[in-house]
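Have a look at the structure below, and then we will walk through some of its parts together.

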Amino acid sequence: PFTCSSLSVCDLIRPGACCAQMDPSLRDSLTDSQRSAPPPQIVYSLVIRGQKPEVILAHFMGSEAISKEATMRVLEKLPKADEKSYLHGDHAFHYTVQGDLWFVCLAEKTMSRKTSFGFLKSVQEAFEQKYTTQQVQTAIAEGMQKEFSEDLKQLMETYNSGKLDRVAQAMKQVQGINENLMESLDKLLERQEKIDLLVQRSQSLSGQSASFRRQAQQAEWAIRRRNIKKMVILGVVALVVTLIIVLMNR
């Protein structure tokens, strides 16, 4: 079973990963001074459909080091929320949920929440401009990947390079974001484990209770059958004795 100890940052970032594995277009968008001291980066972005994150409609990896499968295993544990952030090692998950759509990014933990949610706001706007509700509801897994992954790539380039005009415009829409509202993903998963354990125990106790009730009912019916059988036997004996007495008195 999935536990918080079974998934680490090493699962999200594939072994041997380094900055050299970053998508060339994202790396080339940085200036010389930024290359020497690169700003925090968004390394993965996704658009997912479902009450729980189930169907990836489109995604873009800024690094080949990211594991999509490990990322989805983490996202399946996250609660549905408007704007949430969870720290996980050197990275942070930021996401917002609108209806059945999850807009998610994985960024270096030093990136501000305002920048991350400014990015997600831009992703949401671009996605909603491009697709209708019907298209979203009927799309198969990665049904928008061919078209929208390019949008995700361009937006990641913009926010990772700090192009001020686009970033500043989106940042105005997320002024209410609190930079201190980041929780530990490990603690969340640990709480989830405890809740799952309590649910399992509750289900086990419920099953045991139902089994006990069935056994009690079966025992009660067995006792009733024995009592009825005794009464029938006694009745037959009494009838036979009565007949014998009657016959002897004739």
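## A helix to start with

The expected span of a helix is 1.5 Å times one less than its number of residues. Keep that rule in mind as we look at this model, which is predicted.

How far apart are the end C-alpha atoms of helix 5? Helix 5 covers residues 113-130, which makes 18 residues, so at 1.5 Å a residue it should span 26 Å. Its end C-alpha atoms are 26 Å apart, in agreement with that expectation.

Several residues of this helix are buried, among them Arg113, Ser116, Leu120, Gln124 and Phe127. Two of these names, Arg113 and Phe127, will come back below.

## A serine and its two partners

Now move to strand 3, residues 84-88, where you will find Ser85. Is Ser85 buried or exposed? Its relative accessibility is 0%, and buried means under 20%, so Ser85 counts as buried.

Which side chains does the side chain of Ser85 contact? One partner is His94, whose side chain makes a polar contact with that of Ser85 at 2.8 Å. Another is Arg113, with a polar contact of 2.8 Å between the two side chains. Arg113 is also one of the buried residues of helix 5.

## Rings that meet

A pair of aromatic rings is described by the distance of the centres and the angle of the planes. How many aromatic pairs does the structure hold? There are 7. One of them joins Phe127 and Tyr131: the centres are 5.0 Å apart, the planes make an angle of 50°, and the pair is tilted. Phe127 is buried with a relative accessible area of 1%, and Tyr131 is buried with 10%.

Tyr131 also pairs with Phe148, this time edge-to-face, at 6.1 Å centre to centre and 65° between the planes. Tyr131 sits in the loop between helix 5 and helix 6, while Phe148 belongs to helix 7 (residues 145-161), so this pair ties together parts that are 17 residues apart in sequence. Phe148 is buried too, with a relative accessible area of 0%. Ring pairs link Phe103, Phe127, Tyr131 and Phe148 into a cluster.

## A charge over a ring

One last stop: Arg224 lies over the face of Trp221. The distance from the ring centre is 5.1 Å.

Conventions:
Residues numbered from 1 in each chain as written. Predicted model: local features only at pLDDT ≥ 70, side-chain atom pairs only at ≥ 80, totals over all residues. Heavy atoms only, no water. Helix = DSSP H or I, 4+ residues; strand = E, 2+ residues; numbered from the N terminus. Buried < 20%, exposed > 50% of the residue type's maximum accessible area, 1.4 Å probe, protein only. Polar contact = N/O pair within 3.5 Å; in protein donor to acceptor, adjacent residues only side chain to side chain. Phe/Tyr/Trp six-rings, centres within 6.5 Å; stacked < 30°, edge-to-face > 60°. Lys NZ or Arg CZ within 6 Å of the ring centre and 35° of its normal.
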